[in-house]
Amino acid sequence: MSVREFTVSILPAAAMDVIEKFVVRGSISGTLVDRYVRQLGEYEVHVLVLEKYYMRSSNRASLTVTIDNLEGQTKVHAVASGGSEGMFLRFDWGAGNNFANSVESALGSYIVG
């Protein structure tokens, strides 16, 4: 399991679009599993669940991204899981790190602080 958390300078909906384009349209095996959006006035919460196939682990990894502006800034929290091989072995050959890093790569120019 790999976790990334950071703040960006764009609104949650824009961050969601950037991530989706980067992972789904920028990858052969990246897919959007689900998208959930809640909006209360000026506050938004977006949850994306993405999957991608990794040959090195012969498995599909899952990435859950939560984006919100509940505290006035847009925060991004990304968790990659499911990239490990076998029932008991949790070694994922870097698939989880790579998938979590893709969120940072996609939003790199917007990361603040």
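## The core

Let's start inside this predicted model: its largest nonpolar core has 21 residues, and Ile19, Val65, Val103 and Leu107 have the most contacts within it. A nonpolar core here is a set of buried Ala, Val, Leu, Ile, Met, Phe, Trp, Tyr and Cys residues joined through side-chain atoms within 4.5 Å. At least two core residues come from each of strand E1 (2–8), helix H1 (12–25), E3, E4, E5 and helix H2 (95–107). Helices (H or I, at least four residues) and strands (E, at least two) are DSSP runs, numbered from the N terminus.

Now look at Ile19. Setting aside residues up to four places away in sequence, Ile19 touches Leu48, Leu50, Val65, Ile67, Val103, Ala106 and Leu107 (contact means heavy atoms within 4.5 Å).

## Val47 on strand E3

Val47 sits in strand E3, residues 43–54. Its relative accessibility is 22%, so Val47 counts as partly exposed (buried is under 20% relative accessible area, exposed over 50%, partly exposed in between, with a 1.4 Å probe and protein chains only).

Beyond its neighbours within four places in sequence, Val47 contacts Asp34, Arg35, Tyr36, Thr64, Val65 and Thr66. Pro12 is 35 residues from Val47 in sequence, yet their C-alpha atoms are 9.9 Å apart in space.

## Leu70 in a loop

Leu70 belongs to the loop between strand E4 (59–68) and strand E5 (74–81). With 49% relative accessibility, Leu70 counts as partly exposed too.

## Reading the numbers

Residues are numbered from 1 along each chain as its sequence is written, and side-chain values use heavy atoms, leaving out hydrogens and water. Local features need pLDDT of at least 70 and side-chain atom pairs count only at pLDDT 80 or more, while totals for chains, interfaces and linings use all residues.
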